[in-house]
Amino acid sequence: MTKKELHNQRLLREAEKSVMQMHTRRHFLRESAMGLGGLAMAALFGCGDKTKQGAQVAFDPAHPMAPKLPQFPGKAKSVIYLHMAGAPSQLELFDYKPELAKMDGQLCPQSLLEGKRFAFIRGVPKMLGPQATFAQHGESGLWVSENMPHLASVVDEISFLKAVTTDQFNHAPAQLLVHTGSARLGRPSIGSWVTYGLGSENENLPGFVVLTSGGRNPDAGKSVWGSGFLPSVYQGVQCRSEGDPVLFLNDPGGMSRDLRKASIDAINEVNAEEYKAYNDPEILSRISQYEMAYKMQISVPEVMNINDEPQYIHEMYGTKPGEACFANNVLLARKLVEKGVRFVQLFDWGWDSHGTDSNLAIDLGFINKCRQVDKCITALILDLKQRGLLEETLVVWGGEFGRTPMMENREGKQNPFKGRDHHTEAFTIWMAGAGIKKGFSHGETDEIGYSAISGKVETFDVQATILQQLGFNHEELTYQFQGRPFRLTDTKGKVINEIIA
């Protein structure tokens with residue numbers, strides 16, 4: 001036998017031996033000892049335990065918006081979230097600070113500036129006392145300024161969070177943090193999480209509707225109502241209170257409704273074939289969205305029409321049919337939740353009171369903004385209550401951060417009007433309805449409203465509390481993405497039990 005033949009024979013025997021070893025128990029135990037040990041350690045640390053990592057919601061891509069039961073009975077069936085984009089000043093609304101009034105016009109103490117970052121303040125600004133008069137209201141005796149006289153009349157229905165904090169002092173990332181749980185783009189909004197978890201009670205309307213006012217979208221754009229990595233069917237549907245509620249809702253000229261239905265059926269037949277070929281659940285979501293769009297042509301114009309509301313409702317809200325305004329959107333929000341829409345998000349732009357012009361002055365433009373929202377927000381609470389809807393509708397009001405107790409001096413120069421800079425260390429959010437305590441205030445800031453000194457909460461805690469009232473443990477409402485379960489609050493957040501009745 002030649003040397004080459006001996007070499008080949010040896011290689012063949014080694015290969016056969018290797019194959020035999022791979023199929024023996026002894027080889028398996030010897031070679032996978034570290035892997036088995038890792039599995040055992042993972043079990044000890046709770047890996048794979050749904051009680052620690054969260055349990056995914058059952059997702060049917062063919063019927064993504066079908067109603068689902070929450071993890072436990074929740075007080076809320078729907079949410080109306082009123083976001084004042086730009087961040088309203090808590091010091092002119094709900095956080096009464098008489099000591100700050102005594103410091104008006106004085107140079108800001110260095111202790112408030114050292115080691116701090118502000119969006120625009122440079123050098124040493126002057127302190128700015130409250131530019132409003134405060135009084136106690138209702139049986140609860142809660143403080144509300146003269147800028148919200150109507151809201152003061154329903155203060156006994158509200159729970160205030162006076163010591164909310166954030167770590168973002170620019171509008172876009174702060175808005176993203178409030179609504180998606182992350183200051184970066186790409187995460188699902190809270191409305192998307194809610195519709196993913198609960199579906200919708202009306203198959204002819206979107207489960208998540210967005211209404212904007214103030215002339216602009218929020219600084220973070222449409223990402224604050226996007227679905228992120230959740231299926232796209234859960235993103236917010238933006239509607240308008242003026243003109244067609246949804247762009248391209250009506251059939252184009254020359255196309256009948258029957259022809260539109262035939263077109264959608266043909267498109268969905270193609271989509272169904274694509275699903276058979278690729279088994280991509282997003283294709284089924286696309287089919288569902290086409291069908292929803294067809295149904296919306298009938299249902300949306302009806303529910304988005306406020307002209308058929310009685311005159312006393314228009315007077316109550318201060319609505320202006322045919323115009324684009326916040327009051328119209330608030331009334332629409334009531335109509336939407338009445339029809340079973342799960343999450344209604346209102347954004348009102350124009351609350352960035354820097355003092356750079358009269359519209360952004362804390363004693364001019366800010367007052368006008370308060371007048372635009374005070375009456376209709378109050379009407380919303382009263383209207384929901386008289387219809388028996390407040391018990392199952394959670395109303396949330398707030399901005400993305402607060403305002404400083406010192407006057408803004410942009411780049412070291414005093415602004416032409418009175419204004420306040422962005423502030424991360426304390427701002428106010430309030431909630432009402434759906435099992436929230438009535439006439440209650442949680443948290444406190446220091447004597448000038450600069451820092452939280454008790455009851456401090458984060459935006460994650462607010463999100464956790466909203467989900468709790470809807471029947472979800474915020475740690476267990478998850479979605480598998482990039483190899484791990486993600487959640488709205490992700491790595492932080494605790495329920496604010498102090499405001500739950």
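A residue counts as buried when its relative accessible area is under 20%, as exposed when that area is over 50%, and as partly exposed in between, with a 1.4 Å probe and protein chains only as cover. The structure is a predicted model, in which local features need pLDDT of at least 70 and side-chain atom pairs count only at pLDDT 80 or more, while totals for chains, interfaces and linings use all residues. Residues are numbered from 1 along each chain as its sequence is written, and side-chain values use heavy atoms, with hydrogens and water left out.

**Exercise 1. State what share of the chain's residues is buried, and how many helices and strands the chain has.**

Solution. Begin with burial: of the 501 residues of the chain, 51% count as buried. Then turn to the DSSP runs, numbered from the N terminus, where a helix (H or I) needs at least four residues and a strand (E) at least two; the chain has 14 helices and 18 strands.

**Exercise 2. Describe the place of His422, and say which side chains make polar contacts with the side chain of His422.**

Solution. First, His422 lies in strand S11, which covers residues 420-423. Next, with a relative accessible area of 3%, His422 is buried, because that value is under the 20% limit. A polar contact is a pair of N or O atoms within 3.5 Å, where within protein one must be able to donate a hydrogen and the other to accept it, and residues adjacent in sequence count only if both atoms are side-chain atoms. On that basis, the side chain of His422 pairs with that of His354 at 3.0 Å and with that of Asp352 at 3.3 Å. Finally, contact means heavy atoms within 4.5 Å, and, not counting residues up to four places away in sequence, His422 touches residues including Phe118, Phe169, His171 and Arg403.
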